[in-house]
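My notes follow in the order I checked things.

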Amino acid sequence: MFKKLLLAASLGLALLPVAAQAQIKVGVTLSSTGPAASLGIPERNVFAIMPREIAGKSVEYIVLDDASDPVAAVKNARKFVSEDKVDAILGSSITPNSLAMIDVAAESETPMIAIASSLRIVDPVDAKRAWVFKTPQNDAHMMTAMSAHMADHGVRTVGLIGFNDAYGEGVISEFGKLAPVRKLSIVASERYARTDTSVTGQVLKVMAANPDAVMIAASGTPAALPAKALKERGYKGRIYFTDGVINEDFLRVGGKDIEGAFLPAGPFVVARQLPDSNPIKRVSLDFIKLHDAKYPPGTANSFSAHAWNTYLMLQRAVPEALKKAQPGTREFRRALRDALENIHDLVTTHGVMNMSKTDHMGFDQRARVMVVIQGGQWKLAQ
């Protein structure tokens, strides 16, 4: 009897590594607190409703807060690869944090899917960025739509005010490339910090240039600050925001001062207003239904959808990676990276994704529309 128990125990111990290998571990770092909390909180909520199984393997999401701080984001990423031994890293919510994490992903050969928008996160696809992908549309996609809308509506001069970090610089750089093509003249360009409580000086300089429109290159609730200052001083021109403001907190904070403003957005934001023939509509409505079952109806937003798309990507890529290796191994991480790079015709909540060796975002022009803020709501602009 003792020998049988000993044999059973030995077999149990032998099977432990196999059981461990069966689980997929995913490290998630989000800006749930700090200046970017209005992005990170809805993203964090999505990970609570993500399926815990892909292709017959259980999935563990290890979710940490990076407090909107690049240093904390890197610390979280290093913990994921050194202590948790994750198979993939997801995050962060904002561009500076995501850029800071690239080295960790590359050094550890761990595929990373960012939930931030800057083109610089994935371009150029060099030796480091070969390990990095992202779900939001590139700045270039959004600036193409915005600059075209400006030109089509009589705007000729533009004042810029944006974050003095990688996000603001990335947006302004892409807009600057397109402005001459649309015959738009940039007459002022100012910067401010995410944590600033006043932008009076910057706004006065922009208004002194008397632009037809002002583009605010900022994200989350801090983007409302320049708009409020412009309205307080009687600015009558058009105001444009980036897709980085699309959440209910921004609408609440901005209030009447952002009414009538325009911005480019992913189709998810106006999913119910899309034609039934658009495949993005069905995928978006399916996600909204899942989200509404857990959270107050109507609270799923653009950032929630970006987070959900990380699951859609893993759902497509994991079965392919499993053909080559098991989770918890270097071989699986490499196979997962390769599978992500070969995603084709994946319909997500924001567009149809086609990755390649030179494109680790994968969206085309179907991934953006122009919207206007009317009655405290996002409306598809005509």
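**Entry 1: the open sheet**

In what order do the 6 strands of the open sheet lie? I am working from a predicted model. I read the order as β2-β3-β1-β4-β5-β6, with mixed pairing. The edges are β2 (53–54) and β6 (132–134), each of which pairs on one side only.

I took the β1 and β3 pair next. Strand β1 covers residues 24–30 and strand β3 covers residues 57–65. I found them parallel, joined over 7 bridges. I noted two of the bridge partners. I24 is partnered by V59 in β3. V28 is partnered by V63 in β3.

Then I looked at what packs on this sheet. Helix α2 (residues 37–47) packs on it and touches β1, β3 and β4 (88–91). The direction of α2 makes about 160° with that of β1. Helix α4 (residues 95–108) packs on the sheet as well, touching β1, β4, β5 (112–114) and β6. Its direction makes about 175° with that of β5.

**Entry 2: the hairpin at the edge**

In which sense do β2 and β3 pair? I found the antiparallel sense, over 2 bridges. I54 has K57 in β3 as its bridge partner. The hairpin of β2 and β3 has 2 residues between the strands. I checked A55, which lies in the loop between β2 and β3. Its phi is near 55°, a positive value in a residue other than glycine.

**Entry 3: cis peptide bonds**

I looked up two peptide bonds. The bond from G91 to S92 is cis, with omega near 0°. S92 sits in the loop between β4 and α4. The bond from D123 to P124 is cis, with omega near 0°. P124 belongs to the loop between β5 and β6.

**Entry 4: β7 and β8**

How many bridges join strand β7 to strand β8? I get 7 bridges between β7 (residues 157–163) and β8 (residues 185–192). The two strands run parallel. I noted G162, which stands opposite R191 in β8. With helix α6 (residues 166–178), β7 and β8 make a β-α-β unit. I recorded the unit as right-handed.

I moved on to helix pairs. For each I wanted two values, as packed helices are described by the angle between their axes and the distance between the axes.

α2 and α11 pack at about 40°, and their axes are 8 Å apart. That angle makes α2 oblique to α11. I logged their crossing as right-handed. From α2, the contact takes L39, P42, E43, V46 and F47. From α11, it takes F303, S304, A307, W308 and T310. Sorted by class, the contact of α2 with α11 has 7 nonpolar, 2 polar and 1 charged residues.

**Entry 5: α10 against α11**

At what angle do α10 and α11 pack? For helix α10 (residues 279–292) and helix α11 (residues 302–322) I read about 105°. Their axes are 11 Å apart. The angle makes α10 roughly perpendicular to α11. V283, F287, L290 and H291 of α10 make the contact with S304, A305, W308 and L312 of α11. I sorted the contact of α10 with α11 into 6 nonpolar, 2 polar and no charged residues.

I cross-checked the two lists for α11. S304 and W308 are in the contact with α10. S304 and W308 also meet α2.

**Entry 6: α11 against α12**

My last pair was α11 with helix α12 (residues 330–341). They pack at about 125°, with axes 8 Å apart. The two are therefore oblique to each other. Their crossing is right-handed. On the α11 side I listed M313, L314, A317, V318, E320, A321 and L322. On the α12 side I listed F332, A335, L336, A339 and L340. The contact of α11 with α12 divides into 11 nonpolar, no polar and 1 charged residues.

Conventions. Residues numbered from 1 in each chain as written. Predicted model: local features only at pLDDT ≥ 70, side-chain atom pairs only at ≥ 80, totals over all residues. Heavy atoms only, no water. Axes fitted to C-alpha atoms, helices over the stretch in contact; angles between N-to-C directions. Helix = DSSP H or I, 4+ residues; strand = E, 2+ residues; numbered from the N terminus. Parallel < 35°, antiparallel > 145°, perpendicular 65-115°, else oblique. Contact = heavy atoms within 4.5 Å. Nonpolar A, V, L, I, M, F, W, Y, C, P; charged D, E, K, R; others polar. Pairing = 2+ DSSP bridges. Right-handed = clockwise from strand over helix to strand, strands pointing away. Left-handed = near helix turned anticlockwise from the far one by under 90°.
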